[in-house]
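User: I've got this one open in the viewer and want to know what the labels rest on. Can we go through them one by one?

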Amino acid sequence: MNGRSPLTLVLPATLWLAVAWGWPLVLVLSMSFRNMDPMTFELSGFTLKHFREVLTDSFYLDAIFRSLRIATIVTILSCVLGYPAALHIARTTSQRARAAYTLILLIPVMISLVVTAFAWILILGPSGFINRALASLHLTSEPLQFLNSEAGIIAVLVYSFGPYMIINICTALEKIDPAILRAAELHGANPRRVFARVTLPLSFPGILSGGLIVFSLSAAAFVTPYVIGGNRVKVVPLQIYNAAVTTFDWPMAATLSIVLLILSILLTTAVARLTERRFAAWLGGS
Amino acid sequence: MKLSVIPLLAWTTYAIIVVPIIMVLGASFTETRFITFPPAGFTLDWYSAAIADRALMGGLWLSTTVALASVLISVCLGTAAALYLSRPRAFLRGLLSSFFLAPLNVPSVMTAFALLLAFTQWHLINWYGLVIAHVILTLPYIVRSVLVSLAGQDQSIERAAAILGASPFRVFWLITLPLIRPGVLAGATFAFLISFNNVPVSVFISTPGSAPLPVVLFNRMQWLAEPSVAAAAALTIVATITVMLILEQRFSIYRSMFR
């Protein structure tokens, strides 16, 4: 199969994606500029009013900031809570043990988001595990509200998407040449200093790539906010879902989708720029 | 000190991941009419209730057939595309590679809404629509895992076969395919799980009468969670972990999907 390059190999997949996915995305873009009659659902004309509404109405602005805030907290928590596990896996030499740990990490990734949310209702619910434990220890008189709150959503999003962070950090850690760590030790650095000055900076690319994945998945999530937040904590993806399937305000759902996409593109390019500059500085410095 | 703290924290993480899953499995055996953990008593009644539940079992059947059909299609499309993309000097290689991975980068809720818009127009809010949508979602994983396994291959074997007069198709069938089979199968298994457990996209493009199992669970979760939902959730957990173990045993998930 060498030599010639039969474009026919790549054509079916390209067409499939372009027609079944690319074209629908174009429809979303055009839908965001249309007027819709709320009674007859008829579309007409060209307007920028949905974008103006999203960028001025506090209902939508609040949701945008809430989404960004939740995604940021989830990303930071995933990094802080996930780092020890990433270090642990990277330092494990036994292939079997390492396979077992990765398999555990992949459970939240592979299990359906609905099932995950369901499991956490058992833990966080008003008659859930935590509240019953607190009550039996006489620490609380009435159940704490974890559901229908941002805190509950954040906890479950960290559970669902945190493994991506761990896997990315772990991949970065494995690329570190052990000789560098040994060199730092031989020059008298204690383990804490080796970690702070060598391991952590060298794992930075993993944190960035993992962070990007966790952030965009959390910012786009609506299943977890819907089930855990009881459709009460308004985040952008939830507003898209409600506009699309409950109120049938498709132009608004389209506009919010475009805003979400633009935010994620901006973030991705910013992080890519940042890494490039960082790497350039490091390479130039060494 | 450091040596003992990190394993401790890591094991805490593993425990936090596993415990909720065990709780769902445990809660499905409760004798009460509502879900609780730890379960009160032990009964398999909720499993028989789940099996007798037409919506749940219809959803399970739909999920399975959609996953099988979409994986079959995306394996064919994705393997061919990966064969093309593996050539270092292929036309538009960089652009096409990022195009095939793009569905992973666009917010899933936007993809879902876009498909709702288009499929409503095209009358595809049905089984076929779900399959078409799931091909979009699974294609990136297939392309990636086949590309990874192609990258590890010695191209001279293919060249030798071609020089000895084998047609391109014969070279593929007798040399390339056997070499990349682990990558294809690993990608396919992974893709099956992705499709089988998907909620965000499926929920937009399915109707109450014909919804995949995770969507049925999603809709039920809104009113109240009864133990038969726990039983159905437990079934999908067991099925998913079993497939993951097979995948790990045969191909090493980590090696084939994240390298």
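User: Which domains does the domain assignment of chain B give?

Analyst: Quick heads-up: this is a predicted model. For chain B you get domain 1 (1-43) and domain 2 (53-258). The C-alpha centres of domain 1 of chain B and domain 2 of chain B are 30 Å apart.

User: What makes the residues of domain 1 of chain B and domain 2 of chain B count as in contact?

Analyst: The test is C-beta atoms, placed from the backbone, within 7 Å. On that test, 7 residues of domain 1 of chain B are in contact with 8 residues of domain 2 of chain B. By class, the domain 1 side has 5 nonpolar, 2 polar and no charged residues.

User: And how is chain A divided?

Analyst: Into domain 1 (73-233) and domain 2 (237-286). Between the C-alpha centres of these two domains of chain A there are 22 Å. Their contact takes 12 residues from domain 1 of chain A and 9 residues from domain 2 of chain A.

User: Which elements give two or more residues to the domain 1 side of that contact in chain A?

Analyst: Those are α10 (204-220) and α11 (223-228) of chain A. α10(A) gives the most, with 7 residues. Sorted by class, that side of domain 1 of chain A has 10 nonpolar, 2 polar and no charged residues.

User: How many residues does the contact take from chain A and from chain B?

Analyst: It takes 68 residues from chain A and 76 residues from chain B. On the chain A side, helix α1 (residues 11-31) gives the most, with 13 residues. By class, the chain A side has 55 nonpolar, 12 polar and 1 charged residues.

User: Why does the span of helix α5 of chain A agree with what it should be?

Analyst: Helix α5 (residues 113-124) of chain A has 12 residues, and at 1.5 Å a residue it should span 16 Å. The expected span uses one less than the number of residues. The end C-alpha atoms of α5(A) are 16 Å apart, so the two values agree.

Technical notes:
Residues are numbered from 1 along each chain as its sequence is written. Chains are lettered from A and ligands numbered from 1 in the order in which they are written. This is a predicted model: local features need pLDDT of at least 70, side-chain atom pairs count only at pLDDT 80 or more; totals for chains, interfaces and linings use all residues. Domain bounds come from an automatic or database domain assignment. Two residues are in contact if their C-beta atoms, placed from the backbone, lie within 7 Å. Helices (H or I, at least four residues) and strands (E, at least two) are DSSP runs, numbered from the N terminus. Ala, Val, Leu, Ile, Met, Phe, Trp, Tyr, Cys and Pro count as nonpolar, Asp, Glu, Lys and Arg as charged, and the others, Gly among them, as polar.
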